[in-house]
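Please read the following briefing alongside the sequence and the model. It is grouped by topic, with the cut-offs for each term given where the term comes up.

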Amino acid sequence: METNQEHKINKYFFLGIIAIFGLMLLYSLLEFFTAFLGAVMFYVLSKPLMELLIKRFHWKKSLAAALILLISFFIVLLPILFIGGLLYKEASLISINPASIYEPLKQLNTEIEKKFHFSILSGQTLSNIQQITTQGVSFILNSSLNFFSSITMMYFFLYFLLININRLEAAIVFYLPFRRTLIELFGKELVAQTISNSLGMPLIAVVHGLLSYLAYKICGLPEAGFWGIITGFASVIPLVGTGLIWLPASIYLLFMHQTGYGIFLLSWGVIVIGLSDNLIRFLLAKKMADVHPVVTVLGIIMGLRYFGITGLIFGPLLISYFIILLQIYYSEYQKPANDKRKKRNILPDYLNFSMNKKNKKQ
C-alpha cells in the first residue's frame, strides 16, 4: 500500500516530468509564441461577436469564425499592413540615403551656434545618432519580414480558438488548482487588461498619429506621414509620450525662422494632442483597466527586445498577465493567513484587485 510520503514523492516526480516536457515544448515553439499571444488577444476581443452569431443568429461556428477573420483583416490588419509598408519604405530610403536624417540636425546645430555661440551636437553625438539610426532602420526592416509570418500563424491559431469557443476557458477552470469563483473574477480582470493593452493603447496611438500627421503636413515638414507614425508609436511611452517627437519638431521650426509654424505645432501638441489623449481615456474608462506606467515602460522595453514591433502591445500585456497570477496566488494562499492578524495593505494600490470591492458588496 502506498504511504503518504511515497504519494508526495510520486506527485513531485510526475510534476517534474510535466515541467520538463512543458519547457521543451515551449522552447521548440518559441518562434510561434507571438502569433499565439496575438491569437489569444483577438479571441478575447472577438468572443462577444462570436457568441452573438452562434447563439442568437444560429450561425455555424466555421462560418462565424471566417466572418470574424475577415472583419479583423479590414478593420485591424489592413491599416497595420499599410503602416508597416510605409515604415518599410521609409526605412529602405533612409538606409540608402542616411543624410536625410542628419542634415536637418546639422542645420539646427548651425543655427544654434549662430545665436548662442555653442554647439549641442558634437562629432561624437552625430556619430552616436548615426549608429542608433542605422540600428533602428535594421530593426524595422527585420521586424517587417518577421511580422508577415507571425500574422499567418496568428490567423491559424485564432481560427481554431474561435471554432472551439469556450473550450480554452473550460480547460483553464478545470486544470488550475484554484476555486472556480476566484478564477472567474480574475478572468474578468484579465479581459480588462487585454482590452486596455490591445485596444486602448493602439486607438490612442492611431488618433495621435493622425493628428500629428495633420499638423506636420500644415507646417510643411518633410516625410509628414513617416513622422506621424513615429509620433503614434511614441504615444505608448508614459510621461513624455508624443512630446518626444512634436516638441523637437517645434523647436526645429522656431530655430529655422518659421516662428508661426513653430508656435502652431507647439500649441497643437499641448492642446489638441494632449486633450485627445484624455478624451479617449475618458470614453474607454469603463472598458480599460488602470495600467500602471511602470508596467507600460517595462513591458515596452521587454516587448521590443523579444517580440519586435508587436512587443509594444504584447510586452505590457504579458506583465499584466503576470501580475494577475500574483494576485491569484495572494488571494488563494497568502490572504487567508493574513486575515488572522491585523489587516493591512501589502500590495501597492495598482496591484489591489477589484474583487475586494465585490466582496464588500456581497
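Glutamate 51 counts as partly exposed at 24% relative accessibility, where buried means under 20% relative accessible area, exposed over 50% and partly exposed in between, with a 1.4 Å probe and protein chains only. The model is a predicted one, in which local features need pLDDT of at least 70 and side-chain atom pairs count only at pLDDT 80 or more, while totals for chains, interfaces and linings use all residues. Residues are numbered from 1 along each chain as its sequence is written, and side-chain values use heavy atoms, with hydrogens and water left out.

**Salt bridges**

- A search of the whole structure finds 2 salt bridges, the criterion being a side-chain nitrogen of Lys or Arg within 4 Å of a carboxyl oxygen of Asp or Glu.
- In one of them, the side chain of glutamate 51 meets that of lysine 47 at 4.0 Å, N to O; because these two residues are 4 apart in helix α2, about one helical turn separates them.
- Lysine 47 is buried, with a relative accessible area of 18%, and it also forms a salt bridge with glutamate 169, for which the closest N and O atoms are 2.6 Å apart.
- This second pair links distant parts of the chain, since glutamate 169 lies in helix α6 (residues 167-175) and lysine 47 in helix α2, 122 residues apart.
- Glutamate 169 is partly exposed, with a relative accessible area of 26%, and salt bridges with shared partners join Lys47, Glu51 and Glu169 into one network.

**Overall architecture**

- The protein chain has 13 helices and 0 strands, where helices (H or I, at least four residues) and strands (E, at least two) are DSSP runs numbered from the N terminus.
- Of the 362 residues in the protein chain, 36% are buried.
- Among the contacts in the protein chain with a separation of 6 or more, 71% are accounted for by residues 24 or more positions apart, a contact being heavy atoms within 4.5 Å.
- The accessible surface of the protein chain comes to about 22,900 Å², and 69% of this belongs to carbon and sulfur atoms; accessible areas come from the Shrake-Rupley method with a 1.4 Å probe, and for residues only the protein chains shown count as cover.

**Nonpolar cores**

- The largest nonpolar core has 33 residues, and those with the most contacts inside it are Met50, Met154, Leu158 and Leu162; such a core is a set of buried Ala, Val, Leu, Ile, Met, Phe, Trp, Tyr and Cys residues joined through side-chain atoms within 4.5 Å.
- Two or more residues of this core come from each of α2 (33-56), α3 (61-96), α5 (123-163), α7 (180-219) and α12 (311-339), and α2 gives the largest share, 10 residues.
- Apart from this core lies another, of 17 residues, which includes Leu221, Ile245, Trp246 and Leu265.
- When its neighbours within four places in sequence are left aside, leucine 158 is in contact with Ala39, Phe42, Tyr43 and Leu69.

**Nonpolar surface patch**

- A nonpolar patch with about 980 Å² of accessible area together is formed on the surface by residues including Leu49, Trp59, Leu63 and Leu78; patches are made of residues with over 30% relative accessible area and no salt bridge, with like charges joined within 9 Å and nonpolar side chains (Val, Leu, Ile, Met, Phe, Trp, Tyr) within 5 Å.
- The elements that give two or more residues to the patch are α2 and α3, and the largest share, 7 residues, comes from α3.
- Phenylalanine 57, one of the patch residues, is found in the loop between α2 and α3 and counts as partly exposed at 46% relative accessibility.

**Aromatic pairs**

- The structure holds 7 aromatic pairs, in which rings of Phe, Tyr and Trp (its six-membered ring) have centres within 6.5 Å, planes under 30 degrees apart counting as stacked, over 60 as edge-to-face and the rest as tilted.
- Phenylalanine 73 and phenylalanine 74 form an edge-to-face pair, at 5.4 Å centre to centre with 85° between the planes, and phenylalanine 73 is partly exposed at 31% relative accessibility.
- Phenylalanine 226 and tryptophan 227 are likewise edge-to-face, at 5.2 Å and 75°; phenylalanine 226 is buried at 9% relative accessible area, whereas tryptophan 227 is partly exposed at 34%.
- Ring pairs also link Phe36, Phe156, Phe157, Tyr159 and Phe160 into a cluster.
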